[in-house]
Amino acid sequence: MASTADQAAIDALMSAATIAVVGLDSREDRPAYRVAKYLKEAGYRIIPVHRGRFPADEILGETAYASLRDVPGPVDVVDVFVRPADTDEVIDEAIAAGAKCVWLQEGITNDAGIERARAAGLAAIQDRCAKVVHSQEAPKRAGGQAAG
């Protein structure tokens with residue numbers, strides 16, 4: 001069972017409209033691409049934030065940005081696919097952007113960063129896959145029937 005703090009992040013994901021995926025590039029074999037594609041197909045607006053070696057102007061049919069600072073308009077969830085050592089900057093950008101939630105994907109942890117995000121009023125979770133959580137939660141929230 002999820003902790004209260006983790007449940008707040010799960011609720012933020014399930015009620016979100018817009019998800020910025022940091023670390024998303026155009027390589028279809030990468031986990032970030034597969035998760036972002038799933039979330040887009042589930043009805044979310046995906047905003048690619050690509051900071052790496054494989055730049056693209058557009059990913060999954062959406063304009064890609066170099067930083068959360070460059071994203072126009074509000075972002076509900078910031079889904080993070082970068083090395084743990086690189087998450088502090090992303091978390092700070094998410095706080096500054098007024099995001100509702102920071103989501104560090106499975107295998108990515110930053111205890112101090114998660115606490116900083118929570119102290120700033122964001123829901124925050126680490127070491128959990130948004131695709132897995134969504135696929136488990138969507139049927140429950142649809143009255144027990146499979147979503148999609």
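C101 finds its bridge partner in strand β7, at A123. Strands β6 and β7 run parallel and pair over 3 bridges (pairing takes at least two DSSP bridges; strands are DSSP E runs of at least two residues and helices are H or I runs of at least four, numbered from the N terminus). Between them the chain goes from β6 through α4 to β7, a right-handed β-α-β crossover (clockwise from first strand over helix to second, with the strands pointing away from the viewer).

The model is a predicted one, with local features needing pLDDT of at least 70 and side-chain atom pairs pLDDT 80 or more, while totals for chains, interfaces and linings use all residues. Residues are numbered from 1 along each chain as its sequence is written, and side-chain values use heavy atoms, leaving out hydrogens and water.

On its other pairing, β6 runs parallel to β5, joined by 4 bridges, with L104 as the partner of V80.

As for the helices, α2 (residues 31-41) buries A32, Y33, V35, A36 and L39. Down the axis of α2 these fall within an arc of 165°, so they line one face (the arc is taken over directions from the axis to the C-beta atoms). Just past α2, G43 has a positive phi of about 110°.

Notes: Buried < 20%, exposed > 50% of the residue type's maximum accessible area, 1.4 Å probe, protein only.
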